[in-house]
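Subject: Structure handover

Hi,

Here is the model for your set. Please open it first, then read the notes below.

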Amino acid sequence: MKIMRRKIFTIIELLVVVSILAILVALLLPALNSAREKAKEITCTSNLKQIGTASFSYSDDNDGRLPQAADDASAILAKHLANYMGTAEYTLEQKGVWFCPSYEKLPSDNGTTQYYGSYNPINVHNYALGAGWYGSGDTAMMQLGTAKLSMLEPSIFLLSNKKPEYFWSAMGNVGPRAPLTKEQLVPETGEAMQESMTTLFVHQGYAPFFKVSGAVISRRIGTLKKTYRNPGEKYGPGWIAIFEP
């Protein structure tokens, strides 16, 4: 009778197998992380498209003007668009269409924190007037600078994602606070670029932008350009959020 003998792995063989598995994990992990982040970017892009479309609907009902932007005291954008989005003005959880999933969640204050979202307009032109989309003149009202959509060029960038913050006045409210600035969109130093990578360009160095045309495009940090208008030119003088090549 032939006796079957059970083969036993030696320690060296086990170490070889473990080493191979470790190498495979090391090779696959970046790809998995990249795929996971890509899925978050797709969700963020979809959210931004819905918010942008809601802004257009608001404009149709309000003499063609865009809704007011958020500032340090409130989350005005979310409040104005809640009915158009089919959402509440705020939530008690940091999730849903108003939140980019790539940002870390801010802790709640005993479960009472109000979360207003992580998307905000881009502050351009004469932003010394306050937290608004556009300054004074033919394209905007003086108070908080809400522009008339029909008077804006299709290539202008209106919205993007932004890292949520606690409002300066109370820990109990969280939102994007002031609109995105030129310094965040077009960082000029290494330190500013690192900050923008966590504030805006969180999708592996990319950020989504909603345009006046209704399109959402993704742009990599460092590729946006400064665009100025001279006195007498449309929207000028000052900076305008047009970043076409």
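Four strands make up an open, antiparallel sheet, ordered β2-β3-β6-β7. Strands here are DSSP runs of E with at least two residues, helices are runs of H or I with at least four, and both are numbered from the N terminus. Two strands pair if DSSP finds at least two bridges between them. β2 (119-121) and β7 (216-220) are the edge strands; each has a single partner, so one side of each lacks a neighbour in the sheet. On average, neighbouring strands are turned by 35° against each other, direction ignored (axes are lines fitted to C-alpha atoms; angles run from 0 to 180 degrees between N-to-C directions).

β6 (residues 206-211) is joined to β7 by five bridges, and the two run antiparallel. F209 sits opposite I217 in β7.

This is a predicted model: local features need pLDDT of at least 70, side-chain atom pairs need 80 or more, and totals for chains, interfaces and linings use all residues. Numbering starts from 1 along each chain as its sequence is written, and side-chain values use heavy atoms, without hydrogens or water.

Now helix α1 (residues 11-61), which contains S57. S57 is partly exposed at 29% relative accessible area (buried is under 20%, exposed over 50%, partly exposed in between; 1.4 Å probe, protein chains only). Its C-alpha atom is separated by 9.8 Å from that of M85, 28 residues apart along the chain.

V16 is also in α1. V16 is partly exposed too, with 44% relative accessibility.

Best wishes
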